Amino acid sequence: MEVRALGPVSATIAGQRVVGGCNQLTALLGLFAVSPDCRVMVEDIACFLWGKEVPQNRISKCISELRRELRGAIGRTNSRECSLLVSRENVDCLRFEDLRHQADGLRGCERFDLLGVALSEWRGVPLQGLKGDRFNLRRAELRTEWEAAMVDQLDAALEAEKFEWVLEKTETLLELLPGRQKFFRARLLALAQDPPSVVRRRAMVNGWKADFGQPTDSGLKQAIDMLLKCRVRQSRPLLGADLQCPRQLPSVGEPLVGRVDQLDSLEKVFVEGRREGRGVLAVISGMPGVGKTALADHLAARIANLFPDGALYADLQGFSDGAAPVKPEQILDRLLADLGVHTEAAGLEGKSVALRTVLAARSVLMVLDNAAHSDQVLPLLPGGGSCAVIVTSRNALIGLHVKKEVHTTQLELLDRASAEAVLDDALSPLQRHKSVHHVARLAELCGRLPLALIVVAKQIKLRPPEAVDALVKQLSGERTRLQAMRVPDHELSVRPALDCSLKALSPEAALLLWQAAIHPGPIVSWSALMDLGRAGGAEDVARAIDELASAHLVELVNGHYRIHDLIRVYARYHAGEHIDGAGSALAERTVRLVLEHQLHHVWACDQVLDPSRKLPIGDPVDVEVVTPSGEEEAMKLLDAEYLTAMKVFDLAVAHGDSRHMWLLPMALVTYQWRRNLHADAQENLKVALFAAEGIASPAEKAMINRMLAGSLRGRNANDSAEAYLLRAVSLSEQEDGAAGQLSLANSLHALAIVCRLLGKPGEAAERCEWALEIFRGLGEKTGEAAVLNGIGTLSHDDGEYDEALQACTEALRIFETTTDLNGTANVLTTLGKIHISRSERKSALAVYQRAIEIYRELDYWRNESKALRRYADVLVSAGDVPKAVEALERTLILLEQLGGEGAQEVVDLLDGLR
């Protein structure tokens, strides 16, 4: 998730904006973003959003709605505060703050560059559009921080002797904020390096004093003294010119689909820049084939009339089939000639100065298409003045950000509707009648990539209706997909576009891309890429990863890397073509590392979630594993990587790797149960049971059967669960020693739970007594306490409330001597039922509240929602409707996260209470 507040407030997830505009949710998001560590006092929410005290449930509702939009990224709200759960590097004002702090220990160019990166986070007025005195005050504080950072960068530029930059920058700054003494001081110090005439110097200083009075800043006073004492240097004109008005923009192609928002936004940036008389530099970046040039062409056509002195266009051939990137000096020669400039300047720097000089007094639009890197672009850029530049590149061009003010647009894939519209428009009436049902599938196979969609659309136009079926079939095969994405005798083709990106990579980055393509995705973590890179022999894996990200061949999304399906297919079959004979062995090693990395990372999380679970996984080899600090972090890590873990499990199945086929599902099952993913667990564990047959011990196979039964119980398939548990009991009895006894006790306890659910209380009680005897003999306290909880439940069912209370009180006492928080919460919920039956409402509320807090700490959504539901019923019976509403609102959020089952009942309850 990316959160922005230094400009219009917004939150984006996977490139899609989920919060924005001017509303209460946006205001709350902005408050989180500009608060220390994104932590907000509840009392401040009312002051900022409403300007007065409001009922607590109104605040809770707003927080709940934002939590829903941010997919749960709001922490638990207590009576005083709540937090936005996002890392600092994903919030623009925190990045700005951290970069400023890092720059404090640097000097000269390094400090200048880093402050430039920090200031690039600003994209307009902070907290734009949010109203109210509190927001106005915070906005003013942020602007003060921006000015301080700007002064620091000006000082660093002076130290680095970037005097021309200081002059250009202060001219803009003083137009925006006239009278700022530190800005004027920096301008005078820069002018002192090549001062104007004495008359102009005195007029400049006197004019400033007339407008703003005597300076109070000691630094400004010194700068005035220095400027007035300078001697004028002699200079000679660089060039003579008979200036021309070029009109070089290429014609636009087909209408843009799905890019209206970006086109309108960029047009607004250039229109505002022109109105204010300042230049604009916009960079459009993105993966190959995403439509950068098309957007730049349409944008240039829209805004060309704003620039009366003409438009220049240059293809820099940064990524062109069979051609090397054009050297900037060659482009400078051409641009100067196109402008009618005749100069004696020589060399790259001399010609760059000549271009800046001639453009300084003109208003020209420049389009620099297909740039390879920042060094190719920088010499071509205007200096001050009102010229504007559009740059397109597959690379992020980070170097421009540290030296220029850049408006960045990174193009994402088309949304589903726009992607399907490209293909639908290509269908003839007859094709639409017979093949319209293929459109969604074709858009999916094209990965919503504009180039691929255009190629397939042109193929559709070339084929009869019955041939569209064959096109779908051809695109469905990985090995034939890229072959199908080409138009005969036409420049449009997907593979050559990808070839150009691959050729521009270093050998280490190309190899890592191939290894990453072997990984099944959909996302790959930083640590997984590091492990793969080390296996491939890369000396600097981090640099190779950064190279792939800069080239948009991998995309960083919420802390993980994502590879587009077409790039994955291309890299899997073509990026490894030039690897030596060891490629097959490296592929096998890569698969092994993918499996080992995923297993050990999931296992590290599971050991935090359920420390009592034992699996024969062993220590990691050739992979580095970081253990989560607690249960909350473990659940977040598994939330992020769950789909990847499921894909890696499929990879293990495809390679017939029995070890990972049974161990990975077992390591995942705790998480799956907590997230109500019982169907996934059941399917995986069936495979695990088959894979473990020849390599696991009887006790280990019994454990798999128990987990299968638990997954079935979570789906209310208790008859099937009983059969697996009977098998678990039988297998446990085949294992000798303490391991067999412990397995038997666990299997009996699980079987007792299912027997109760099947209406067999006698069998349930018998198995509980047997399990209790074994647990006590082994000294297994958590097992003993869990069985006592089961005995208490059975006693409650029989109406023997005193016996139930005695058993569960003893279970709670034992659990509180262990680290088993989930077991503790389970006993507390049972005690809640017992207290209700004994008409002890106050005691019931207390134990339910404790259970809810534990489940929330464990991030156990399913059990928390059940406890909250019972807690709300007790609150209603006690007449505390506001608290009941708050509990049910939280229940509703959890049920929606769990898939929605039971949510409507809670909605109806809330409607009746409000």
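This is a predicted model: local features need pLDDT of at least 70, side-chain atom pairs count only at pLDDT 80 or more; totals for chains, interfaces and linings use all residues.
**A sheet of three strands**

Three strands form an open sheet in the order S13-S15-S14, and their pairing is antiparallel. Strand S13 (523–525) and strand S14 (555–557) are the edge strands, each pairing on one side only. Neighbouring strands of this sheet are turned against each other by 40° on average, direction ignored. Strands of a sheet pair through backbone hydrogen bonds, either parallel or antiparallel. Here, S14 pairs with strand S15 (residues 560–562) in the antiparallel sense, over three bridges. Within this pair, Val 557 stands opposite His 560 in S15. Helix H25 (residues 526–535) packs on the sheet, where it touches S13 and S15. The direction of H25 makes about 75° with that of S13.

**The helices discussed**

The table lists the helices treated in this report with their residue ranges.

| Helix | Residues |
|---|---|
| H25 | 526–535 |
| H28 | 583–609 |
| H30 | 658–674 |
| H41 | 881–897 |
| H42 | 903–913 |

The buried residues of helix H42 are Ala 903, Val 906 and Leu 910. These residues lie on the same side of H42, because they cover an arc of only 60° around the axis. On the other side of H42, Gln 904, Asp 911 and Gly 912 are exposed. Helix H41 is included in what covers the buried residues of H42.

Helix H30 has 17 residues, which should span 24 Å at 1.5 Å a residue. The end C-alpha atoms of H30 are 26 Å apart, which agrees with that expectation. H30 also bends, by about 40° at Leu 668. Of its 17 residues, 15 are buried, so H30 is largely enclosed by the rest of the structure. H30 is followed by Asn 676, whose phi is positive, near 60°.

Leaving aside neighbours within four places in sequence, Asp 606 is in contact with Pro 611, Arg 613, Met 666, Ala 667 and Thr 670. Among these partners, Met 666, Ala 667 and Thr 670 have numbers within the range 658–674 of helix H30.

Key: Residues are numbered from 1 along each chain as its sequence is written. Side-chain values use heavy atoms; hydrogens and water are left out. Two strands pair if DSSP finds at least two bridges between them. Helices (H or I, at least four residues) and strands (E, at least two) are DSSP runs, numbered from the N terminus. Axes are lines fitted to C-alpha atoms, for helices over the stretch in contact, and angles run from 0 to 180 degrees between N-to-C directions. Contact means heavy atoms within 4.5 Å. Buried means under 20% relative accessible area, exposed over 50%, partly exposed in between (1.4 Å probe, protein chains only). The arc is that of the directions from the helix axis to the C-beta atoms. The expected span of a helix is 1.5 Å times one less than its number of residues. The bend at a residue is the angle between axes fitted to the seven residues ending there and the seven starting there.
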